[in-house]
Amino acid sequence: MAWARWGSHPWLVLLCAYAWGHPKSLDQREDVRNCSISPPYLPVTAVNTTAQLTALRQQMYIHNLSAYIVPDTDAHMSEYIGEYDQRRAWITGFTGSAGVAVLTMGKASLWTDSRYWTQAERQMDCNWELHKEVGTTPIVTWLLTEIPVGARVGVDPFLFSINSWESYAKALQVSDRELLSIPVNLVDLVWGSERPPVPSEPIYALQEAFTGSTWQEKVAGIRSQMQKHLEAPTAVLLSALDETAWLFNLRGSDIPYNPFFYSYTLLTDSSIRLFANKSRFSSETLQYLNSGCTGPLCVQVEDYSQVSGSVQAYASGDVKIWIGTSYTSYGLYELIPKEKLIEDTYSPVMVTKAVKNSKEQTLLRASHVRDAVAVIRYLVWLEKNVPQGTVDEFSGAEQLEKFRGEEEFFSGSSFETISASGLNAALAHYSPTKELHRKLSSDEIYLLDSGGQYWDGTTDVTRTVHWGTPSAFQKEAYTRVLIGNIDLSRLVFPAATSGRMVEAFARKALWDVGLNYGHGTGHGIGNFLCVHEWPVGFQSSNIAMAKGMFTSIEPGYYLDGEFGIRLEDVALVVEAKTKYPGTYLTFEVVSLVPYDRNLIDVSLLSSEQLQYLNRYYQIIREKVGPELQRRQLQEEFSWLQRHTEPLTARAAPTTSLAPLVTVSALAILGWNV
């Protein structure tokens, strides 16, 4: 799946629906608001926010605030957030996954990026202004024109990262305004009984068969890192939801597409404190956390709401608390005296879980075999049904979900399926809805980006197909995307190289002819955890590649209004075999779905690339073929055999990879990945 941030994107459907017709200016359209006329025009999709704005401004008055900022995250800086935390959506009516709302006593404004402009114009009423910029600077600039010198700007510190808080605070302070921490969320106060309930589904322990290590072994490993640390931390504070889930081998269902539960952990050298709703733990799960334990290996389950008081009390002693600043909220950060903090970008748990042990690697590989069966079944189903005109983007996505649901250990999708036909495929984050979608056609490209959550692993795979006669340009673009995928997948590079340094290999074949793509090239992936698992990937903020990490590799190309192409595989970082001694790494692809032969221009492939592709097809036959036969899926097995037949060269040009240093230099030039 292309770069984060991910979530539901119904705005894309609406944007595409608009694109199919004749372009009109916003004030001529009936699907968006028009606040420039009297009375204003509002579409049926707009939400009346007058009551909630009035109530929120009353709370601002009580707290002596001139402005209040409502961000789009939760207290754990999660990529996906649950309904319980959709504060910005409730106060604005805008449900897109990215955007910041700011209220003053006289105005209400939303800042979001170009992906969501149309959606915002459809969903917001005329109480709201839409600002088409993102980042701290434009918000602060607006605030300085709207509130007087000496004014106070309130925020919930638990919804701000440390960096975000410091950016706002510094910018406001130099202009003699104050950013004020308001621990009680004002939106929650006025949301009241309308707010969705706190999740109450059970929190459960994974079976030992699906874990790489026991939670006791993981705790011992983190404590060992604490003991070896030069600054001698006495505790590690975990805020990201996947950190606690991984550490204790526990799972829940509080967050869409992610098997997490609201929680914090304070792991000290002499105690283990897990902050969560204790009523959600069965007696068996509580016993799992405490059976046969003594002292420092006993888990104390404390109420989720007690984390602030407990951290503050602990920080009053002679202690050193180790945190990862990327996922720790300012609300917790401000409770700990600075001299008692040890700060790293990522916590030791986040870094440790990024490297999978041999059992975790085996589990993830197995999940990809079963996932390949489901995707291949779907591709066979499409070949039979698309020519009949009976499949649309939404019904197709539902059918794929059905096939995945029949696979062993399946526990839901890992993100909202991107099922995109024709011009919709040019939108990297498009997802259809039941109401708005396009029919799949044999005459158009179809892009499918999807994944599953299984007890043994998380999957994410993208394939692009064409059932008819693609244009020469479509074939060239597809093949160059494929070359980028192949060249990065077979790359050999020194150990401890950052993904940023090698990312350009995925782009070079496109760059050679003046093409490119605007999203990231890959992200980490977890064992029944995040589909976008930080800190692995090819961005500048990712850590160096290491043996045992899993990452996606997903170059693409998108022609606005016509088609889009993306080819995504999940790959394991493994040790490379080199002619001379040294520690070098390469990738082993674990996604096992054939590419579309109909879109490959073999003449563009070098002999090395062709050899790699045929070897990959042979691996698919060896790993997926027996599973199809075991399940007596003979039609799918025959399809697999046809689609993995060795490809032969046709006047293949002599091309080779550019030297690592050359392409790395291009990567350093500032490509936003």
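Which residues does Thr 104 touch, not counting residues up to four places away in sequence? Keep in mind as you look that this is a predicted model. The neighbours of Thr 104 are Arg 57, Met 60, Ser 66, Ala 67, Trp 142, Glu 146 and Ile 147. Thr 104 itself sits in strand S2, which covers residues 100–104. With a relative accessible area of 4%, Thr 104 counts as buried, because anything under 20% does.

Now for the aromatic residues. Searching the whole structure turns up 25 aromatic pairs. One of them is Trp 90 with Trp 191, a stacked pair with 5.4 Å from centre to centre and 25 degrees between the planes. Trp 90 belongs to helix H3 (residues 87–92) and Trp 191 to helix H7 (residues 186–191), so this pair ties together parts that are 101 residues apart in sequence. Both Trp 90 and Trp 191 are buried. If you'd like a cluster to look at as well, pick out Tyr 84, Tyr 262, Tyr 264 and Tyr 304, which form one aromatic cluster.

Next stop, strand S8, at residues 235–238. This strand is covered on both faces: Ala 235 and Leu 237 are buried on one side, and Val 236 and Leu 238 are buried on the other. What does S8 pair with? Strand S10 (residues 264–268) is one partner, antiparallel to S8 and joined to it over four bridges. Within that pairing, Leu 237 has Leu 266 as its bridge partner. Strand S13 (residues 321–324) also pairs with S8, but here the strands run parallel and two bridges join them.

Take the open sheet with the order S15-S18-S19 to begin with: three strands, paired antiparallel. Its edge strands are S15 (410–413) and S19 (457–458), each pairing on one side only. S15 and strand S18 (residues 452–454) are antiparallel and joined by two bridges, and Phe 410 stands opposite Tyr 454 in S18. Lying across S15 and S18 is helix H15 (residues 393–405), which runs at about 165 degrees to S15.

Another open sheet of three strands has the order S16-S17-S20, again with antiparallel pairing. Here the edges are S16 (418–421) and S20, and each of them pairs on one side only. On average, neighbouring strands in this sheet are turned by 10 degrees against each other, ignoring direction. Strand S17 (residues 445–450) pairs with S20 over six bridges in the antiparallel sense, and Ile 445 has His 466 in S20 as its bridge partner. H15 turns up here too: this helix packs on the sheet and touches S16, S17 and S20, with its direction at about 140 degrees to that of S16.

Is Ala 426 buried or exposed? Its relative accessible area is 9%, so Ala 426 is buried. Leaving aside residues up to four places away in sequence, Ala 426 touches Tyr 558, Leu 559, Asp 560, Gly 561, Phe 563 and Gly 564. Ala 426 and Tyr 558 lie 132 residues apart in sequence, yet their C-alpha atoms are 4.7 Å apart in space.

Finish the tour at helix H19. This helix takes in residues 607–630, 24 residues in total, and spans 35 Å from first C-alpha to last, close to the 34 Å expected at 1.5 Å a residue. Even so, H19 has a kink of about 35 degrees at Val 624, shortly before the proline Pro 626. Val 624 is also one of the buried residues of H19, among them Leu 610, Leu 613, Tyr 616, Tyr 617 and Ile 620. An α-helix has 3.6 residues a turn, so residues three or four places apart point the same way. The cover over the buried residues of H19 includes helices H14 (358–385), H16 (472–489) and H20 (634–643), along with strands S20 (461–466), S27 (569–575) and S28 (584–589). Just past the end of H19, Gln 632 has a positive phi of about 60 degrees.

Technical notes:
Residues are numbered from 1 along each chain as its sequence is written. This is a predicted model: local features need pLDDT of at least 70, side-chain atom pairs count only at pLDDT 80 or more; totals for chains, interfaces and linings use all residues. Side-chain values use heavy atoms; hydrogens and water are left out. The expected span of a helix is 1.5 Å times one less than its number of residues. The bend at a residue is the angle between axes fitted to the seven residues ending there and the seven starting there. Buried means under 20% relative accessible area, exposed over 50%, partly exposed in between (1.4 Å probe, protein chains only). Contact means heavy atoms within 4.5 Å. Two strands pair if DSSP finds at least two bridges between them. Axes are lines fitted to C-alpha atoms, for helices over the stretch in contact, and angles run from 0 to 180 degrees between N-to-C directions. Rings of Phe, Tyr and Trp (its six-membered ring) pair if their centres lie within 6.5 Å; planes under 30 degrees apart count as stacked, over 60 as edge-to-face and the rest as tilted.
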